[in-house]
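Subject: Structure for you to look at

Hello,

Here is the structure I said I would pass on. Please open it first, then read the notes below it.

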Amino acid sequence: MTATLETTAQSTVDVAVELTGVRKVFGHGSSAVVALDGVDLKVEPGEFVCLLGASGCGKSTLLNIVAGLDGATSGELRLTTSRPAVMFQEPALMPWLTAQRNVELALRFAGVGRPARKRRALELLELVRLGDVADKRPHELSGGMRQRVALARALASTTVSADGAPALLLMDEPFAALDAITRDVLQSELVRVWETTNTAIIFVTHDVREAVRLGQRVVLLSSRPGRVVREWDVTDSSDEVLDEINTELREVISGHAS
Ligand SMILES: Nc1ncnc2c1ncn2[C@@H]1O[C@H](COP(=O)(O)OP(=O)(O)OP(=O)(O)O)[C@@H](O)[C@H]1O
Ligand SMILES: [Mg+2]
């Protein structure tokens, strides 16, 4: 099977990411697992899309393909953004570096010079309301604060090498390990940051309420092999939409279990 994977860099674009007929198979022969099959998904520059689906339906696989961490078996990926930034469930900070240095590191990898790095890292920490703990190390911060440092670091890698190309942030259940109150605070932070940075976001979650609260669009994937089964515009979402998504998700999950 041949993969026709294309990555294009353009400055004037109507799309941040476009996946067409993306298929991903892990392994070979009788032990092969078809994780994704025929995924079509388009995300516009600056759009906030939430991805929902049963456990094991291929959400992380999809995100990894868009991030360039894994390749599709076949299909087409069109990416018009600068290198996507990724944020996972665990903040994965360097424990020996301060919050500021952790953010600076992402800027250093992107080739930003020292004085600009320091300035930008502080700006980003202020954006996530951590300007006053910039010199603390991860163990001195709470779990929610560490996730905010990870968010600042992810934003650092989305905004630097931009060159006029739209930025893209990929988030794989970034708040799943946090308590409800901290999660609530970080959801607000994320929306505020998204509004000020115009970064396109693909956000994976199991939580329908979170998806509806954060996203402009909610995309539901089928059970394995994952493919887009339904989408909702949730910019002005009501309780009915929430119920509808919950019902469909439940159907997808029970289909998976049977
Ligand atoms: N590196 C790999 N090698 C083999 N199989 C894999 C690999 N990565 C994922 N899979 C399989 O692909 C399928 C999709 O996995 P994936 O992690 O994308 O699901 P997910 O939707 O993110 O699940 P969850 O909601 O539990 O995080 C699963 O059946 C998984 O076992
Ligand atoms: Mg996953």
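Is Cys50 buried or exposed? Cys50 is buried, because its relative accessible area is 0%. Buried stands for under 20% relative accessible area, exposed for over 50%, and partly exposed for anything in between, with a 1.4 Å probe and protein chains only.

Before the rest, two notes on conventions. This is a predicted model, in which local features need pLDDT of at least 70 and side-chain atom pairs count only at pLDDT 80 or more, while totals for chains, interfaces and linings use all residues. Residues are numbered from 1 along each chain as its sequence is written, chains are lettered from A and ligands numbered from 1 in the order in which they are written, and side-chain values use heavy atoms, with hydrogens and water left out.

Cysteines

A disulfide is a covalent bond between the sulfur atoms of two cysteines; here the cut-off is a pair of cysteine sulfur atoms within 2.5 Å. The structure has zero disulfides. Cys50 is in none, and its nearest cysteine sulfur belongs to Cys57, 14 Å away. Cys57 is likewise in no disulfide, with the sulfur of Cys50 as its nearest at 14 Å. Cys57 counts as buried, because its relative accessibility is 0%.

Asp172

Asp172 lies in strand β6, residues 168-172. Strands (E, at least two residues) and helices (H or I, at least four) are DSSP runs numbered from the N terminus. Asp172 is buried but has no salt bridge, which would be a side-chain nitrogen of Lys or Arg within 4 Å of a carboxyl oxygen of Asp or Glu. The nearest side chain of opposite charge is Lys59, 7.0 Å away; Lys and Arg count as positive, Asp and Glu as negative, and His and the chain ends are not counted. Setting aside residues up to four places away in sequence, Asp172 touches Ser60, Leu63, Met87, Phe88, Gln89 and Val204, where contact means heavy atoms within 4.5 Å.

Glu189

Glu189 sits in helix α5, residues 180-197. Glu189 counts as buried because its relative accessible area is 5%. Its C-alpha atom is 8.6 Å from that of Arg129, 60 residues apart along the chain. Beyond neighbours within four places in sequence, Glu189 is in contact with Leu127, Val128, Arg129 and Arg148.

Domains

The protein is divided into domain 1 (7-84 + 158-257) and domain 2 (92-157), with bounds from an automatic or database domain assignment. Their centres, taken over C-alpha atoms, are 25 Å apart. The contact takes 16 residues from domain 1 and 16 residues from domain 2.

Regards
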